[in-house]
Amino acid sequence: MKKHILLLIAVAIGFASCRKEPDYNQLSSDFIVSTNFDKSVSFNTYKTYYISDTVINLGGTGKDTVITDANAQQLVNAVKTNMTARGYTFVTNSKLNKPDLGLRLGVIKQVNVDVYYPGWWDGYAGWFPYWWGGYYPYYYPWTTVYTYTTGSVILDAYDLKNAKTNREYRVIWNSTAFGALGSDVGGEFK
């Protein structure tokens, strides 16, 4: 009877220690977005914009590239759709049509590696329980290494309308979206 109780306790602890891992593909659509803009600018004076059909890949690995695949087109089209919804007009040739705004789209992918080393006593259930100040939930009593991939999408809006007068290309609006990347993000962004 004593063996059955110990076995039942061990099974209960085993089930209690399990937890479901997050679905990274689902996390890919749940980015944190921050925006920043120049409060002195009156955005209703800008009517037209230009954005390239390519996306700058700032790498994260030291190798910057330009992305031209379907993922890049999807990002560019999303920006165009949102700009059109806000009343801006896309111009096809930036040199001939002199747009008011110039948009630049960039992405950064970063692979994060975390190492957990429990040290002496920490993480050993029964040796150093949480009510004595140990970790909860318990980690494995051995070194654990795990990786996850994050990405950022950066969109900058430059004032081209007043660039000649100001003698500079000022960023008047910026947005950065940051979050986990799942395996459904592919193409040249891999």
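Visitor: What should I keep in mind about the model and its numbering?

Guide: This is a predicted model, in which local features need pLDDT of at least 70 and side-chain atom pairs count only at pLDDT 80 or more, while totals for chains, interfaces and linings use all residues. Residues are numbered from 1 along each chain as its sequence is written, and side-chain values use heavy atoms, with hydrogens and water left out.

Visitor: Which strands pair with β8?

Guide: Strands are DSSP runs of E with at least two residues, numbered from the N terminus, and two of them pair if DSSP finds at least two bridges between them. Here β1 (residues 32–37) runs antiparallel to β8 (residues 170–180), joined by six bridges, with phenylalanine 37 opposite tryptophan 173. Strand β7 (residues 144–159) also pairs with β8 in the antiparallel sense, over ten bridges, and threonine 150 has alanine 180 as its bridge partner.

Visitor: How many salt bridges are there?

Guide: The rule asks for a side-chain nitrogen of Lys or Arg within 4 Å of a carboxyl oxygen of Asp or Glu, and the count comes to two. In one of them, arginine 170 meets aspartate 38, with the closest N and O atoms 3.1 Å apart; this pair links strand β8 to the loop between β1 and β2 (48–51), across 132 residues.

Visitor: What does the pair of arginine 104 and aspartate 156 tie together?

Guide: These side chains meet at 2.9 Å, N to O; arginine 104 lies in strand β6 (residues 101–116) and aspartate 156 in β7, so the pair ties together parts 52 residues apart in sequence.

Terms used
Helix = DSSP H or I, 4+ residues; strand = E, 2+ residues; numbered from the N terminus.
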